[in-house]
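Please open the structure in the viewer and keep the sequence at hand.

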Amino acid sequence: MPLKICDALLRGAKAGLNHLYTVPPLIHPGGWDAGWYCREHALHVGALAEMMGHRAELCGGDLVVDLPADQYRMAMVSTGADHFWCKVDDQAPIDASLTLRHLDVTHPDVALIASDCPEHRSGFELRYTHRMGIDNLIRRLHGNERPVLHYNVQDSHRPDYAKLLDAPYGFLIKSQPTLLELHGADVMFAITAYLFRLAHGELMAVDPTVPWSEAMRRIVHEHGDARPFVLASLDRSRRR
């Protein structure tokens with residue numbers, strides 16, 4: 001029986017991802033950004049799930065975070081700020097990127113958004129719809145009195161994770177310089193291997209106070225076998 005993705009993420013993989021990819025909200029040429037790096041989170045969560053023997057899809061669409069008590073609503077819809085998450089087997093959404101820690105709200109932060117472990121989403125009601133019109137989606141929140149996360153999937157697919165980890169910028173938004181240019185061609189494999197070993201209790205996470213660039217350098221240095229290790233695990237999963 002494969003390790004549940006919820007358990008794998010809570011055993012350290014989510015914290016490891018958040019350390020590497022979560023930053024305070026920012027403004028860039030495309031507009032406001034929550035700082036969650038949801039595409040990177042989704043890519044690694046999907047690859048991790050497949051390494052563990054699950055079937056993982058990448059999902060893209062809309063997300064509304066509604067906190068009536070704080071008079072706060074964030075809508076990531078129909079823009080460059082559209083959101084990404086995973087579907088693992090029949091469980092969706094699986095979202096390791098969402099956090100309230102940098103937002104101006106009083107609501108407790110979530111530990112994890114995963115449909116099979118509702119006790120970790122800090123009292124949010126979770127709604128999940130398929131290709132709902134944006135006006136309809138927002139209208140459904142009118143008069144709401146409790147915190148709600150509404151995920152509205154517009155598209156999903158199961159990629160070849162081996163190819164995607166090797167050439168991630170067909171999916172990720174290209175930065176300058178890219179992670180591959182900064183940390184080498186195997187960096188996405190190294191991060192995925194690191195997360196897999198965290199989830200299985202084989203190592204300790206890099207101290208979250210370690211700066212991002214140093215954390216990346218350590219992970220790549222300590223996972224020199226990452227590419228063959230991840231590829232072999234993905235191949236076994238595909239042949240099951």
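This is a predicted model: local features need pLDDT of at least 70, side-chain atom pairs count only at pLDDT 80 or more; totals for chains, interfaces and linings use all residues.

Begin at Gly53, which follows helix 2 and has a positive phi, near 100°.

Next, select helix 2 itself, residues 38-51. Its 14 residues should span 20 Å at 1.5 Å a residue, and the end C-alpha atoms agree with this, being 20 Å apart. Of these 14 residues, 13 are buried, so helix 2 is largely enclosed by the rest of the structure. Then display Arg39 together with Phe171: the charged end of Arg39 sits over the ring of Phe171, 5.5 Å from its centre.

Turn now to the aromatic pairs, of which the structure holds four. Select Trp85 and Tyr151, whose rings are edge-to-face, with 5.0 Å centre to centre and 80° between the planes. Trp85 belongs to strand 5 (residues 83-88) and Tyr151 to strand 9 (residues 148-157), so that this pair links distant parts of the chain, 66 residues apart. Both Trp85 and Tyr151 are buried.

Finally, select Phe196 and Phe229, an edge-to-face pair with 5.5 Å centre to centre and 75° between the planes. Phe196 lies in helix 6 (residues 187-199) and Phe229 in helix 8 (residues 226-239), so the pair ties together parts that are 33 residues apart in sequence.

Methods:
Residues are numbered from 1 along each chain as its sequence is written. Side-chain values use heavy atoms; hydrogens and water are left out. Helices (H or I, at least four residues) and strands (E, at least two) are DSSP runs, numbered from the N terminus. The expected span of a helix is 1.5 Å times one less than its number of residues. Buried means under 20% relative accessible area, exposed over 50%, partly exposed in between (1.4 Å probe, protein chains only). Rings of Phe, Tyr and Trp (its six-membered ring) pair if their centres lie within 6.5 Å; planes under 30 degrees apart count as stacked, over 60 as edge-to-face and the rest as tilted. A charge sits over a ring if NZ of Lys or CZ of Arg is within 6 Å of the ring centre and within 35 degrees of the ring normal.
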